[in-house]
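Please look through the sequence and the model shown below before reading on. The report then describes selected features in careful steps.

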Amino acid sequence: MAKKRFALVVGLSCIAVMAFIRSACAEQRVVDQLLDILRQNKQITEQQYQDLKRRADEERQQDLRKAGAPAQVPVVAAPAAPAPPPAPPAADTMRAYFKNGFNFETADGNFKLNIGGRAQIDWSISDPGGAVKRQFALHGTDTGVEFRRARLSIAGLVYNNIDFKFEYDFADGTPAFKDVYMGMNKLPLVQYLRVGHFKEPFSLEEITSDDFTTFQERATMNAFAPSRNTGFAVMPAFFDQRMTVQAGAFRETDNSGKGFGSDQQYNVTARLTGLPWYEAGQHLLHLGLSYTHKFQSNQDITFSQRPESHLFPVALVNSQKIKTDGVDAINPEVALAVGPISVQGEYTEAFVAQVNQPDPKFGSFYVEGSYFLTGESRAGFYRTQFGYFDRVIPIDNFSIDSKHWGAWQLVARFSRIDLGSENVKGGTLDDVTGGVNWYLNPNTKIVVNYVWAHLESVGDSNIAEGRFQLTF
């Protein structure tokens, strides 16, 4: 009888142990499933999954040992299957990023938007010589500051072939048109067509943005450049953009882009550039030639120029009003960059068809050089599509840790403008400018220039000036 009772107890114990083991296994399967779900949903990392799996196995082994069950071999988790690659974004998904400005772009690249702006805060100390003061009724030394430019712009691309830009300047307190245009690319033969208010294609320095010019102000020959007007231009490029052609027709306009009336103030302007030598980012030789014709009919025209300082109180050379039936101007240009060293020069000659008087001929030129102390090269900032220099990108941006100092550039220039010809006695001005540029990063620049201006037959002026600039 005792043997029967003993066998019954052993049997019941085995049943209980087996039930516990089945319960533990069921619990194990539930825990494993929960952990797998958490891992697949990326609510836990792969390392957390492995740690939790190991701890759950250890706790189950402890429970089994307490129940008198034989220890189980720990379950080794199978390696996780690689997560499927994320689905590509829809073509119209917009992403936002910052690259020298605030940009938005769809995944297929067909639509783009850039929000840009610039602020240039200038200061100047002007000290004309005694003879210059007497000639122009000036008194003492002039000092001051100004917002040279304060602009906001929106530019972009729609349907992958129409680009646009709307830019306004608020430096004078009221909005003024700058670049306001639309363009169409991928056209047969002409490749690219632009319509609106923008710079006529004349002179390397003139069409280079004032954000990216080497000096605080452009050279004296800028007096002959037509600058911005309303019209259209075609801009094809050839030989892998080693040659560009830009040609257009324009109506001279006011600061709101408007020109209307019985006068005939129309211009045709063209520019041809080539790169006989080009090693991207290191070296280049740029050659160019510009031409413009101003259609005039018994209209007044004036050429004048300050020294290379916008805050200087007067224009030192001035042709006064000339009655003309038209003006032709031609402008050869050259730029050479060899590593951190760069030289650049241009010459403009203007031929004026004067009414009932001999035809005067005016000229101006500049030669400049620059050297990057920090190793950058202007060849790396050249835009082959349009044939001009763009934003300087320092090798290392400035940082407060005193280990990175941005880009440093030494610059020097000589320029001359002669407005004396035939019966026009506008004077001759020579400028010598030296300075240093500090590019803290691609968006921030500090400029310091010194200008010695010599007005022939009158005297000299000395100018110290500087600029704090932020562009994006």
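What follows is a report on the fold, the salt bridges and a few local features.

This is a predicted model, in which local features need pLDDT of at least 70 and side-chain atom pairs count only at pLDDT 80 or more, whereas totals for chains, interfaces and linings use all residues. Residues are numbered from 1 along each chain as its sequence is written, and side-chain values use heavy atoms, with hydrogens and water left out.

**Overall picture**

The secondary structure of the protein chain comes to 4 helices and 23 strands, where helices (H or I, at least four residues) and strands (E, at least two) are DSSP runs numbered from the N terminus. Of the 472 residues in the chain, 43% count as buried; buried means under 20% relative accessible area, exposed means over 50%, and partly exposed lies in between (1.4 Å probe, protein chains only). Among contacts (heavy atoms within 4.5 Å) between residues at least 6 apart in sequence, 59% join residues at least 24 apart. The chain exposes about 24500 Å², and carbon and sulfur atoms supply 61% of that area; accessible areas come from the Shrake-Rupley method with a 1.4 Å probe, and for residues only the protein chains shown count as cover.

**Salt bridges**

Side chains of opposite charge can pair when their charged atoms come close. A salt bridge is counted here when a side-chain nitrogen of Lys or Arg lies within 4 Å of a carboxyl oxygen of Asp or Glu, and the structure holds 26 salt bridges. Three of these pairs are set out in the table.

| Pair | Closest N and O atoms |
|---|---|
| Arginine 149 and aspartate 210 | 3.1 Å |
| Arginine 218 and glutamate 206 | 4.0 Å |
| Glutamate 456 and arginine 416 | 3.2 Å |

Arginine 149 forms a salt bridge with aspartate 210. Because arginine 149 lies in strand β4 (residues 142–158) and aspartate 210 in the loop between α4 (204–207) and β8 (228–234), this pair ties together parts that are 61 residues apart in sequence. Both arginine 149 and aspartate 210 are buried.

Arginine 218 forms a salt bridge with glutamate 206. Arginine 218 lies in the loop between α4 and β8 and glutamate 206 in helix α4, so the pair ties together parts that are 12 residues apart in sequence. Arginine 218 is buried, with a relative accessible area of 15%, and glutamate 206 also counts as buried, at 4% relative accessibility.

Glutamate 456 forms a salt bridge with arginine 416, and this pair links distant parts of the chain, with glutamate 456 in the loop between β22 (444–455) and β23 (459–471) and arginine 416 in strand β20 (residues 407–421), 40 residues apart. Glutamate 456 is partly exposed at 31% relative accessibility, and arginine 416 is partly exposed at 30%.

**Backbone angles**

Most residues other than glycine have a negative phi. Aspartate 240, however, has a positive phi near 55°; aspartate 240 is found in the loop between β9 (237–238) and β10 (243–251) and counts as exposed, at 74% relative accessibility. Asparagine 298 has a positive phi of about 55° although it is not a glycine; asparagine 298 lies in strand β12 (residues 283–301) and counts as partly exposed, at 44% relative accessibility.
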